[in-house]
Structures are given as structure tokens and as C-alpha cells.
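Please read the following briefing alongside the sequence and the coordinates.

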2 protein chains.
Amino acid sequence: VNDQLISKANHFAIEKINSVKPFLVNVGKISKLVPTYPKNLILTSGAPLPWEEYEGGQREAILGAILFEGLAKEKKEAESKIIDKEILIAPCHDYGFIGSVTGVYSYSMPIFEIRNNVNGRSAYCSLFEGLIKEKITYGLYTVKTAENLEFLNETVVPVLQKSIQHTSGIDLTEIIRKAINMGDELHSRNSAASLLFTRSIYRSLLEQYPSNPNGVMETLDYLGNDYVFLRLGMAYCKLLADEIANIEHCTLVTAMSFSCKEFSIRVSGSGNRWFRSQLPKGQVKLFEGYSESDVAWMGGESCITETMGLGGFCQATALTLQDYSGGTPETMIENNTKMYEITIAEHPIFKIPYFRFKGTPLGIDIRKVVSRRITPVINMGVAHKDGGQIGAGVVNAPMECFIEAFNAFNKASK
Amino acid sequence: VNDQLISKANHFAIEKINSVKPFLVNVGKISKLVPTYPKNLILTSGAPLPWEEYEGGQREAILGAILFEGLAKEKKEAESKIIDKEILIAPCHDYGFIGSVTGVYSYSMPIFEIRNNVNGRSAYCSLFEGLIKEKITYGLYTVKTAENLEFLNETVVPVLQKSIQHTSGIDLTEIIRKAINMGDELHSRNSAASLLFTRSIYRSLLEQYPSNPNGVMETLDYLGNDYVFLRLGMAYCKLLADEIANIEHCTLVTAMSFSCKEFSIRVSGSGNRWFRSQLPKGQVKLFEGYSESDVAWMGGESCITETMGLGGFCQATALTLQDYSGGTPETMIENNTKMYEITIAEHPIFKIPYFRFKGTPLGIDIRKVVSRRITPVINMGVAHKDGGQIGAGVVNAPMECFIEAFNAFNKASK
């Protein structure tokens, strides 16, 4: 192992991350924004599993997406088409997508496109499904789920698209910077960012109103939610992470991802290889009326925010989350402080007021994770076994996958 | 002195404060909203001074208001009309008004009206003057100042008025509660509150747009400022403070106010009497290019926010202010902690995340101020001697007026 080579590669990676200029440039159906996306492809969260391993909400969501596309008429048919490879299941991460909870994507679903203005590369994320309970994101698929996706496609997307086209792209860096100063950590809390995003397109909403009053009003109502920005932040971070995939000798983490069965990571120098662990246990705070036995894992890649120094990595700015995900200011500050021990840089723009405007901890080095015995802390939503969100919490990533990645790295560099 | 009587009166006062339901109900010229307001009355910040004592920006602002009303053609004429009592100068606090910096009000100026839905009592504050440098608020009066006030009256006020009338009053408590969770302390930082306020009238702005596109766009631009909410917060607090004026035996502070010459307070049980001190010295952070010798006092009553437990009294929630007004997270938390030592209650709705959602310190008791030798901490803007804002900072109220009030109280209760 040549420490100097690694260090050089890692700092090159940080420079690459900091050189990205992410702008929200489009919104629309996958079929329109990603013309190469095959009709028979379903993406989902996490490192890939054999079909029989997908269970619970994640399995339901995959089958739901197939029904939504009309690729099968009922679940049984969908399952046999998966087994026959007529329908393909693949990880979001391989296609520049990032998955929220089940992270299911299919051809006709609406997505945001975030583009790096420097090199034209894009990352994609789904839209928040709004206030309905039956979210495919949280493992439910009913007639209402489908109607709601159609509503997004037909009502919300055209209005947002005009708003985005009205600009030369919306600068998400500035929104995130301000939001961190307003108590968002951009994973479990996006209240300020959602407001700032809405503010940024409000002029265009006014201009569209005379010709489309209902569409604009419904879009405004849709945007009146604290979670609207989360997906934009996820795609933002995915764009940064993809920029440093596959750098030789680089020991920085490029993906952390949950499926219903595993937690997995990717490391830059190891390319597309997944290192897998069993699911961890978190400290969760459940909404009233639910108990631990209701909780289920159904995947999730929103921890791309932590991978790029947001979420749990800047929770000292979001002490209001005590309310939502539990913990105390002291534990949140302590968790946040620890993340500086496993990262190699501080973000030059995103700064934490409580730490005297120190930049957020950026660049998770698997060598540090292993030697300090500290794993990344992740803020996250909690799903019900029958679907829907029932709480939020904080989880420490499991150590095994980092050790495995570290060993693989050492072996490869010998 | 009967401690039990005092304690009973003070807790009765806290109950009264907490019973107020402040709603933004109107905006418009003073002449329309306060029909009893005399044409020849100019209000200004601070305990009243003899005319010859008003100097610098505060004097300029008073004369400017007289010219704005056409009560005199030039300053000399204005001055002799003041001396002849043809024009009256009085403290804002006596009329349910609250003054920002110079705090100058006259008949044709635009104001917000905040009403207590429980008993119909109102409090009033001016509108933020926007981005022009020549603000009468900061002691400047030119043709541009007058044109800008006309712009507010003719363009912004009609749009905002329709927006407010569209509702049954805008619930400011909810906006302030959320803003505190988003890093505002509602005096030097109002970024979240300004966004939330703007958000609360978006629907109405959309509806007005087709018939008044320019007016709505200009109003939207005007609202795109982090300081827009400050005046609403001030009037909110003034409404609470007036609710507890003149309660027998009550030792809680009901007003803290600066003129160009003095800092003064009022205490509930002492009614309208002012207790006066010399101006204090603050720790200030000046905008680039300015020095201490540029700083001037020209009045200010925005510390009504501190009087009611906001501003400096919840600065632990607004650590981002390090940037703007200086200090460190540690000093801000320490300052905030001390304010619990001189107050008798915690706000039931406004809660500070850093203190595990402890309510903001509410009800400044002059007995505690005197016995603990701790005076209120006040966040504030800093004015240039020739007008305009040149910085911000933190100031400790001077002790003398509290001691004087305490002694007067003891004498009266013997």
C-alpha cells in the first residue's frame, strides 16, 4: 500500500467533488429525459439481490412499478416475467439514479434531472409523492398510487418544467448553503430548502398562472411540503459521488445504500463492486401509535446525502430534529463531531454554524472508518412493514462492509 | 414590599401575555388605519426628549417626516413649528406603535396592524423600506426616500392588503414558532420568518396577478428580503407588552427603548413612567470599510423583541448570526443562558432547539436584574452617523435605569 498514492488520489477526488456545478435543469418522465432507458427496466435501491430475496415493501414496489407500466396485468405475471428476464431489475446507482426508500423507477415515472454544468453529466431522482399514504416509495401500490403518479406527470411536471426552463438551471448549491444556515441537514430535515426552492420558482409560477390557474395552484399546494427538496438534494449528492467513481487508489466511499436485506457500500478505487453487510439497528422515534414490531426495512439510498457530508454528517445544524427523529442536542453534536474523524476534508461552502462555520465533514475514507472503529452516522425515515412511513431515526452504518472493502483494497494494491 | 403580591401580579402578567392571539389584519396609511391619529403628530423612538436634545439621524428623520407630510416647506420652518407646538413630537410607545431605529411615523406613512383577536387591541409598525440606502428609518430623508414611501403606499400596500384580506388574519405565532426552529431569533435574523410570511400569501399573490401583474411582481421583489418580517415581529411583541402595561405590583419590564441620547425602560407596575440611562456600549461587527468612529445612535425600539423573550433572549437558536453581528456560538449560548436568570417564565410555544426545546426566557423582572447584576442582552443594527446601516452587534442594557425603577417601585409599595 502506498499511502502517498492514496492520499494524492483522495485529495484529487475532493477537488473533483468541489469542482462540480450542479443545476436543476429538467423534470419529466424518464422516457423523455433518459431516452436510453429501456421500457422493461425497473430500478430499485441497494446492491442487487436475486429476485427471490426481495421481500416486503421493496418487492411490492417493484411489482407495482411493473403494473404501473402495464408490463404485466397482475403480480403473478410480473413475477414470472422477472424470472424469465423479460423484465430486468437493476440497482439505481448503476444508472445515475438514486432511490428514495424502495427507490423504484420505471419508464413512465417522473424524475428530476440535476446536471453538472462543467461536463454535462446528470443525476436523477424521483419526485416526492405528496401527502397520500399509498406511496410506492414506501412500499405501497394501489389505484391511488397510480393516479397520484399520473397527477404528478400531468399537472405538477408541466408547471415545474416551465419554471425550470424559465431559468438557465436552478443553482442548488446556493439553496443548500442557505438551508444549512437555517437548520436543515438536507436528509431528515428539508424545511428551509423546500421553502427556498419554492421561492426560487415563484416568479415563474406567477407568470404561468393566467394560462394555467388550476395547474399552478395544485403545484403550489404540492410544493407546500417540508420534504419536497429531499429528492433534489439526493440527486445533487449522487452527481457529486458519480464524479469520483473509479479513481485509482482512492479510498473514499462513493455509495452507501440499503436494500430490504442489506446495507452496502462502494469505494471509488474499487469501482462498481458492492461490499455488503447485514442491516444495522437504529435508534428510532416512531410516530404515535406504532411500536418496534411494526418497523420494516425496504431499502433506501437517501444516505447519499451522508456520503457527501450532509444529513447525519451535519446534524449539529439541525437540532430541531430532536422532535422528529429523537436524540438530544448533545448526542447530535457528538455524532456530528465524530464524522470529522472518518473524513478527509471540510466542505468549502456548506458550513455548520455551531462549529464556528467549519465546513461539513466530506470524503469518507474507509481506512479511517476501520482504524478509528467509527462508522458513518445516517439520519433516516422508518417504514412500516405494511408500507408507509411511521417514524424517523438515526442509524450507525455496520462495520463489516468497510472492513471487507478495506481488505479488498489492500489485496488489490499489493 | 409584599413578595407574594408581586409574584401573583407577575404571573398574572405572564398569563395575559400568553393569552394574546396576534394576527396580522391590515396594512395601509396611518390615516386610514388609525383615524384618531392627528395630522400634526410625529412619533419617534425612545422616551421623549426636549426638541433641542434630538440630534443626528433621529433629528433628520423627524424633520424629514414633517417635509414628507407637507407640514412645512423646509427644515427651518419645521423646527419653528415644533417649537411653537404646531407640530407635536411624541414617543411611539404611547400610541401602540413601535419604532425601528429612528422610529419616525407620520400621518401618510404605511404601517402594519397586528390585532389581538381576543380583545381587539392593536399594535402598529412601519414597513421595511427595502434596499434603498436613503431610509428614514436610518436617519436619511431625500427625494428618493419620499418616492420610496410613495411606492410602498401605492404599489406594495394594495397588494399586501388584498393578501391579508384574503385571510381572516395571518397567524404570526405560527410563523415565529417555525422561524425559531429555523435559526431566526426574530431581531437581527428574520430570514426564515420572511420566507414563511411570503409563503403564507403566495396563493393570494397568484390570484391577484392577472389583474395587477406589475404590482404583484414588484411586491414579490420587495418581499424577497431577509428583513421584511422584523417589523411584524416588533408589532407582535408590542401587542404582548401593551397587554401587561399598568398591572399593579407587577415588576416586569414592558418597554426597552433607545433614543439618540438615552436608553429607557418602562415597568408594568410603574405605568407610563420612563426610567432612563445613558447609552450603553456594544460589541459590534461593522460592514467592511467602516470604523467605530462612524457609529452613531439614532434611536430604536426593536428591542421590544427582547422585552418579550425573542432576539438576544433566544440567540442560541440563531448561531448563523456570527457572520452578521459577530460573537461565537459559545458567547451566544452563554448570553442566552443568562437571560433565564432575569426572567420568570419560559414561553409555552417559542422553544429553543439547543436547550432541548426549553421555552424562550420570558418576563424580565427588574428585581432579578438588580439582584443578579445581569441586564438584558440586545441584538441590534448599527447606524452610521450620516445615516444608513453599517453593521450589527450585541449590547448589554445599562443597569442604572433598572436600579432606578427598582427603587421607585420599592418607594411606591411602602
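Is Val159(A) buried or exposed? Val159(A) is buried, with a relative accessible area of 0%, where buried means under 20% relative accessible area, exposed over 50% and partly exposed in between (1.4 Å probe, protein chains only). This is a predicted model, in which local features need pLDDT of at least 70 and side-chain atom pairs count only at pLDDT 80 or more, while totals for chains, interfaces and linings use all residues. Residues are numbered from 1 along each chain as its sequence is written, chains are lettered from A and ligands numbered from 1 in the order in which they are written, and side-chain values use heavy atoms, with hydrogens and water left out.

- Val159(A) lies in helix H5 (residues 143-165) of chain A, helices (H or I, at least four residues) and strands (E, at least two) being DSSP runs numbered from the N terminus.
- Leaving aside neighbours within four places in sequence, Val159(A) is in contact with Leu205(A), Gln208(A), Asn212(A), Gly215(A), Val216(A) and Thr219(A), contact meaning heavy atoms within 4.5 Å.
- Val159(A) and Val395(A) are 236 residues apart in sequence, and their C-alpha atoms are 37 Å apart in space.
- Ser277(B), in strand E10 (residues 275-278) of chain B, is also buried, with a relative accessible area of 4%.
- The side chain of Ser277(B) reaches the backbone nitrogen of Cys401(B) at 2.7 Å, and, not counting residues up to four places away in sequence, Ser277(B) touches Glu262(B), Phe263(B), Pro398(B), Glu400(B) and Cys401(B).

**The interface of chain A and chain B**

- On the two sides of the interface, 34 residues of chain A are in contact with 34 residues of chain B.
- The two chains bury about 3,200 Å² between them, 66% of it on carbon and sulfur atoms; buried area is the accessible area (1.4 Å probe) that two parts lose on being put together, summed over both.
- In chain A, Met182(A), Leu195(A) and Arg199(A) lose the most area to chain B, together 20% of what that side buries.
- The rule finds 12 residue pairs in polar contact across the interface, both residues at pLDDT 80 or more; a polar contact is a pair of N or O atoms within 3.5 Å, and within protein one must be able to donate a hydrogen and the other to accept it, with residues adjacent in sequence counting only if both atoms are side-chain atoms.
- Helix H7 (191-208), helix H8 (213-223), helix H11 (322-325) and helix H12 (329-339) of chain A each supply at least two residues of the side that touches chain B, and H7(A) gives the most, with 11 residues.
- By class, that side of chain A has 19 nonpolar, seven polar and eight charged residues, where Ala, Val, Leu, Ile, Met, Phe, Trp, Tyr, Cys and Pro count as nonpolar, Asp, Glu, Lys and Arg as charged, and the others, Gly among them, as polar.
- In helix H9 (residues 213-223) of chain B, the buried residues include Gly215(B), Val216(B) and Met217(B), and the buried residues of H9(B) pack against H7 of chain A together with helix H5 (143-165), helix H7 (191-200) and helix H8 (202-208) of chain B.

**Symmetry**

- Chain A can be laid on chain B with an RMSD of 0.0 Å by a turn of 180° and a shift of 0.0 Å along the axis, which is the relation of a two-fold axis; copies are superposed by least squares on the C-alpha atoms of residues with pLDDT of at least 70 in both.
- In chain A, the C-alpha nearest the axis is that of Met182(A), 2.3 Å from it.
- Because 100% of the interface residues of chain A are also interface residues in chain B, the copies meet through the same surface.

**Salt bridges**

- Over all chains the count comes to 40 salt bridges, each being a side-chain nitrogen of Lys or Arg within 4 Å of a carboxyl oxygen of Asp or Glu, and the count between chain A and chain B is four.
- Glu292(A) forms a salt bridge with Lys281(A), the closest N and O atoms being 4.0 Å apart, and Lys281(A) is exposed, with a relative accessible area of 71%.
- Arg356(B) and Glu330(A) meet through their side chains in a salt bridge (2.9 Å, N to O); Arg356(B) is partly exposed at 48% relative accessibility, as is Glu330(A), with a relative accessible area of 42%.
- Asp3(B) and Arg367(B) meet in a salt bridge between their side chains (3.4 Å, N to O), which links helix H1 (residues 3-19) and helix H14 (residues 366-372) of chain B, the two residues being 364 residues apart.
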